[in-house]
Amino acid sequence: MTVKRKIRIMVAKPGLDGHDRGARVLARCFRDAGFEVIYTGCHQSPEQIAAAAVQEDVDLVGLSCLSGAHRYLFPRVVELLREQGAGDIAVIGGGIIPDQDFQMLTDAGIQAIFTPGAKLDEIVEWVRSHIKPRDI
């Protein structure tokens, strides 16, 4: 018999960006929506994020970046997950991301991008409609 578990989401702040209010708000929103949430805190390397995502057996990684380093950090997390055989873990991004970077990030494997002004209920609905928990 297979039992469905709650969607497990890891919210992470890659790089040197220390502004985590949005990430903390989103982590709480995800928790209140009934998801299991792991928040890694600030100043995480892509290697730390990918390793934690695999160790915690998450279904989704939400990355937040306000420093402009998203062009390197977000694709690197996706690349590391794939290298570790965890390419099925979805990755979304948020923060200060210029429109002209969306295509490059999508091409790199980022499945959705949410910028300031995105409504929390719309982000939750995106997760519910695109992410399915693994059977346990």
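The chain folds into 5 helices and 5 strands. From the N terminus on, these elements run β-α-β-α-β-α-β-α-β-α. The radius of gyration is 14 Å, close to the 14 Å that the globule rule gives for 136 residues, so the chain is as compact as a globular protein of that length. This is a predicted model.

**Overall build**

- Taken along the principal axes, the C-alpha atoms of the chain fill a box of roughly 45 × 35 × 25 Å.
- Of the 136 residues, 50% count as buried.
- Take the contacts between residues at least 6 apart in sequence: 73% of them join residues at least 24 apart.

**Surface and charge**

- The accessible surface of the chain comes to about 7,200 Å². Carbon and sulfur atoms account for 52% of that surface.
- The chain carries 16 positive and 18 negative side chains. The centres of these two sets lie 5 Å apart.

**Cysteines**

- A disulfide is a covalent bond between the sulfur atoms of two cysteines.
- A search of the whole structure finds 0 disulfides.
- C29 has a relative accessible area of 14%. It counts as buried because the cut-off for buried is under 20%.
- For C42, the closest cysteine sulfur is in C65. The two sulfurs are 11 Å apart, so they are too far from each other for a bond.

- Where does Q84 sit? Its place is in the loop between α3 (70–83) and β4 (90–95).
- Is Q84 buried, partly exposed or exposed? Its relative accessibility is 39%. Buried means under 20% and exposed means over 50%, so Q84 counts as partly exposed.
- Which residues does Q84 contact, leaving aside its neighbours within four places in sequence? Q84 is in contact with A50, A51 and V54.
- A112 is 28 residues from Q84 in sequence. In space, the two are 22 Å apart, C-alpha to C-alpha.

Methods
Residues numbered from 1 in each chain as written. Predicted model: local features only at pLDDT ≥ 70, side-chain atom pairs only at ≥ 80, totals over all residues. Heavy atoms only, no water. Helix = DSSP H or I, 4+ residues; strand = E, 2+ residues; numbered from the N terminus. Buried < 20%, exposed > 50% of the residue type's maximum accessible area, 1.4 Å probe, protein only. Contact = heavy atoms within 4.5 Å. Disulfide = S-S within 2.5 Å. Rg over C-alpha atoms; globule rule 2.2 N^0.38 Å. Areas by Shrake-Rupley, 256 points an atom, 1.4 Å probe, with all protein chains shown as cover. Lys, Arg positive; Asp, Glu negative; His and termini not counted. Charge placed at Lys NZ, Arg CZ, Asp CG, Glu CD.
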